[in-house]
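I've got one structure to walk you through today, so let me put it up on the screen.

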Amino acid sequence: MGLTTRLLVPVACVLFLVGGRVQSQDATFWNDQAKQTLQSALNRERTLNKNVAKNVVFFLGDGMGVSTVTAARILKGQNMGNPGEETVLKWEEFSSVALSKTYGVDKQVVSSGSSATAFFCGVKANNNMFGLDSRGRDGDCASSIGAAVDSFLILAHRAGKSTGFATTSRVTHATPAALYAHTPKRSWENDGDIPTEEAAKGCTDIGAQLVENGHVFDVVLGGGRRELTDTNETDPEYPDEVGQRTDGRNIIEEWMGKKAADRTKYVWNLEQFNNADPAETDALLGLFEPSHMHFEVDRAGDEAGEPSIAEMTAKAIKILQKDPHGYFLVIEGARIDHAHHGSNAARALTDTLAMEEAVIKAMELTNEEDTLVIVTADHSHTMSFGAYPLRGNPILGLYDDGEGSDGMPYTTLNYADGPGGEIERDSYNAVGRRRNLTNVNTGDIDFKQSAIVPRSSESHAGEDVAIYANGPMAHLFHGVHEQNYIAHVVRYAACLDYKEHCDMSSAPSRHGFNLRLILVTVFLSVRFWI
């Protein structure tokens, strides 16, 4: 079945399923379901996982607000032939859920860089920069001096753990770059991006900082070859494209030069990626596009091929988990955000589901006794889910029970602003009518949902986003938190700089027993029998 066909579940099929399922969901069904959930909550205190987190796997769905999660959940169910609303995403099974307040120091609605500074580095920042505290000012190199803050990935490396990240964006893009770089301008991805006067003050580009700071990571996967290679270097996949650096440096070669040659691999296509054996690889650099990687639904059109986010996650874990001291891994589903900016809900939702596959894979490869897994978002988008559609109505379809007061149909998913805010035109003049979607396949992968305010790029939204957590100390996510709190939970759970949690002899185990008491009891028992 083709993707577009699967995206738009036939209404007749859905209504048939809805009729059958809704009739059976009587009072007994809902009461039993609630009782099971209540019992799980009552049992929770007895099963809190207070272990030290040896490993941390952190998932960031860029732009994955609550409306995106809800719509993706329904799409997943409808792709399976069900009504959809009853579906559960993997992270919705996690033991703890909280909310994150996403505002920045200077903005009600944040950019990805400033929010990444919050949840990676533990402090809120100003817009359009990352790895700096509030002393940093947009585009002002001097303001960054003395303002640098480090991510928990850097702290984990200093603690002796293996580290890495994978993203579907450029590895020098705002969110992943906050893991290793400190810059007052998120667009300074290569040396040619920095104004001469600012470079003279000592600021280096993000690509250069991947060598200066990010060489400590053991796995780096994503896109962005062009930011790391010189203008004289031809891209290996696209002969008509060249690098964008003007300083003659090849950051890829420099990064590789920091590692043990016989255990380090660089890959740029799917075959090379698949051939990289985790058992024989201690460091892996994979760059699969000159810019961002493809949207999930478009990967099949890439002749050289590139791995899915789930495949990158699995490969990274298998490489990192060889370290007996543990590991930290960050995974970003970056293109959820990019699709939303284009008012393209179909791609945003399918990339959300692709990230869910990565979460599923991570849960299969890890143990919740020693691995803290977090799924969250940096910010939301202005996509809304409204009207009064019938149960099981295709999530990417038209509202099935009415029209607007202008007599025209509309979709249940819409945006407050964005490219979908077009109005009809009579000759060269706007006539103020919204698009007539009659006979339009709104489930098509390229369809742009309507928007109120026309903009070339849809904007971020400012409401809270969800935090889902499972594993050691996940229960510390328990309410409505400032976004920078997330990094502190990670650091506490893994004993990076909250040392009171490090002493396992005094820390309660998963079952609430005191380890010191157990050891003393065993010792006295042995003495008694001797």
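Okay, so let's begin with who touches Ser112. Setting aside the neighbours within four places in sequence, Ser112 is in contact with Asp62, Ala174, Thr175, Arg186, Asp378, His379 and His460. Keep in mind that this is a predicted model.

Why pick that residue? Because UniProt, in an unreviewed entry, lists Ser112 under "active site", and that annotation may be inferred rather than shown by experiment. On the chain, Ser112 sits in helix α5, which covers residues 112-121.

Buried or exposed, then, for Ser112? Buried: its relative accessibility is 4%, and the cut-off for calling a residue buried is under 20%.

Now, over to the sheet. We have an open sheet of three strands, ordered β10-β11-β14, and the pairing is mixed. Which strands stand at the edges? Those are β10, at 383-385, and β14, at 451-454. Each has a single partner strand, so one side of each has no neighbour in the sheet. On average, neighbouring strands here are turned by 20 degrees against each other, ignoring direction.

Let's zoom in on one pair. β10 and β11, the latter being residues 413-418, run antiparallel and are joined by three bridges.

Helix α4, residues 66-79, lies across β10 and β11, and α4 runs at about 55 degrees to β10.

Conventions: Residues numbered from 1 in each chain as written. Predicted model: local features only at pLDDT ≥ 70, side-chain atom pairs only at ≥ 80, totals over all residues. Heavy atoms only, no water. Helix = DSSP H or I, 4+ residues; strand = E, 2+ residues; numbered from the N terminus. Buried < 20%, exposed > 50% of the residue type's maximum accessible area, 1.4 Å probe, protein only. Contact = heavy atoms within 4.5 Å. Pairing = 2+ DSSP bridges. Axes fitted to C-alpha atoms, helices over the stretch in contact; angles between N-to-C directions.
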